[in-house]
Amino acid sequence: MQFLGVWLWCALLLGQGAGSDNWTEFRGANGDGSSSAIGVPLTWSETKNVRWKTPIPGRGWSTPMVYGKQVWLTTATEDGHLMYVVCVDRESGKVLLNRELFQNPKPEPLGNDVNSYASPSPTIEKGRVYVHFGSYGTACLDTRTFKTVWERRNLPCRHYRGPSSSPILFENLLILTFDGADNQYVAALDKKKGDTVWKTDRSAEWNDVDPTGRIIADGDLRKAHSTPLIINVQGHPEMVSTGAKAAYAYDPRTGKELWKVDYRGFSASFRPVVGFGMAYIPTGYGHSDLWAVRLGGKGNVTASNIAWKYSRNVPSKPSPLLIGDLLYLIDDSGVLTCLEAQTGKEVWKERIGGHYSASPIVVEGRIYCFSEEGKTSVFQPGRTFHPLADSQLPDGFMASPAIAGKAFFLRTKTHLYRIEQ
């Protein structure tokens with residue numbers, strides 16, 4: 001019952017259920033990769049079940065947001081000097097807006113081929129879309145006039161490997177996450193005006209500095225890429241947020257830290273999932289575990305609230321799926337694992353091949369996994385491994401998928417697709 005309560009709370013907070021005609025934030029309205037849509041296709045190809053296909057210039061891994069008759073996403077030049085917001089007509093695939101929002105004279109090099117300068121996904125509600133490029137800029141646009149309502153470019157963070165964490169909406173707030181090499185904090189802006197309502201620094205105990213405070217290791221050790229999740233705990237909202245060296249819960253209205261757990265990892269990426277009175281969180285690189293943390297604690301609960309840990313083939317980028325009493329993980333190298341959610345016991349494990357950055361999705365009782373090579377593998381959830389189908393598109397997936405109505409909205413490295421029967 002607690003799992004059901006959390007699921008319903010997330011849906012109510014966002015003003016719509018998972019079966020709505022819109023896709024409003026990273027991993028959907030409930031933030032967990034689930035959809036109750038009916039009638040989506042099982043398979044597709046370049047010549048099958050493609051309603052339209054639209055080229056998207058530049059490089060960006062943000063998930064498309066779908067609301068009403070529009071699809072919104074972000075992109076940037078490969079060197080990060082220019083950052084854009086794009087709006088596509090949902091019915092035709094025609095580009096309605098492709099506007100340069102921010103110029104950056106000296107963006108910091110990404111230092112890898114995994115991230116982009118437009119990886120954070122937008123979030124959207126009626127009349128407003130919020131686009132975020134980390135410290136490079138955040139803006140609110142009117143979805144009818146396409147005019148900029150407000151923008152912020154004074155939230156400092158040295159992203160080092162590029163921005164990744166996506167914004168989320170809660171009540172009158174737009175909540176942002178900054179886990180960089182120099183600054184680590186979460187902040188809430190007034191969604192109508194863009195003013196800062198609260199800002200809370202991470203309280204992790206860093207072990208990469210000397211007694212004078214000088215950083216003696218590279219900036220990765222303080223970085224993280226995760227998007228927080230707001231849940232209901234004993235009738236009160238809590239925001240579960242994963243950083244480097246620690247994961248936290250905050251009061252999303254005030255930014256007050258409620259509890260935290262310490263670990264040794266960094267660059268944690270996937271979004272937490274919640275069920276059975278526990279939050280399932282990654283510990284990141286260096287010590288790549290999946291931890292089940294009991295909710296409802298206060299202060300540092302590392303010694304008291306860890307229900308179980310799992311250490312084999314834990315993904316660093318794709319977020320897990322919780323379906324019934326089972327957790328499903330697809331790791332970066334294509335190993336699919338099924339665990340008992342309450343105990344962490346391994347049920348089965350299969351190598352399906354490929355490389356994965358996009359988070360999987362569950363719809364119509366089927367799990368869809370999207371590889372960097374463009375392959376989509378579909379499975380039936382359960383206590384035995386049961387593959388259903390495969391599909392292939394060129395260019396491959398870095399962005400996580402969206403579902404609205406009876407259609408998938410899939411962003412490959414070069415195009416946006418509407419996939420529908």
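Strands β16 and β17 form a hairpin with three residues between them, and K245 in that turn has a positive phi of about 75 degrees. In this talk, strands (E, at least two residues) are DSSP runs, numbered from the N terminus. Strand β17 covers residues 246–250 and runs antiparallel to β16, to which four bridges join it. Two strands count as paired if DSSP finds at least two bridges between them.

The model is a predicted one, in which local features need pLDDT of at least 70 and side-chain atom pairs count only at pLDDT 80 or more, while totals for chains, interfaces and linings use all residues. Residues are numbered from 1 along each chain as its sequence is written, and side-chain values use heavy atoms, with hydrogens and water left out.

Let us stay with β16, residues 236–242. Six of its seven residues are buried, so the strand is mostly covered; buried means under 20% relative accessible area, exposed means over 50%, and partly exposed lies in between, with a 1.4 Å probe and protein chains only. Strand β15, residues 229–233, also pairs with β16, in the antiparallel sense and over five bridges. Within that pairing, N232 stands opposite P237. The hairpin of β15 and β16 has two residues between the strands, and Q234 in the turn has a positive phi of about 50 degrees.

I turn now to an open sheet. In which order do its four strands lie? The order is β11-β12-β13-β14, and the pairing is antiparallel. The edge strands, each pairing on one side only, are β11 (168–170) and β14 (196–201). From one strand to the next, the twist averages 25 degrees; here axes are lines fitted to C-alpha atoms, for helices over the stretch in contact, and angles run from 0 to 180 degrees between N-to-C directions.

Within this sheet, β12 (residues 173–179) is joined to β13 (residues 184–190) by seven bridges. L174 stands opposite L189 in β13, and the hairpin of these two strands has four residues between them. On the β14 side, β13 pairs in the antiparallel sense over five bridges, with A188 opposite W198. That hairpin has five residues between its strands, and G194 in its turn has a positive phi of about 90 degrees.

Why is β13 described as largely enclosed by the rest of the structure? Seven of its seven residues are buried, and therefore the strand is largely enclosed. Both faces are covered: Q184, V186, A188 and D190 lie on one side, with Y185, A187 and L189 on the other.

V86 stands opposite N98 in β6. Five residues lie between the two strands, and G93 in the turn has a positive phi of about 80 degrees.

Finally, consider a loop residue, S371, between β29 (366–370) and β30 (375–379). Is S371 buried or exposed? S371 counts as buried because its relative accessibility is 1%. Leaving aside neighbours within four places in sequence, S371 is in contact (heavy atoms within 4.5 Å) with H355, Y356, G396 and F397.
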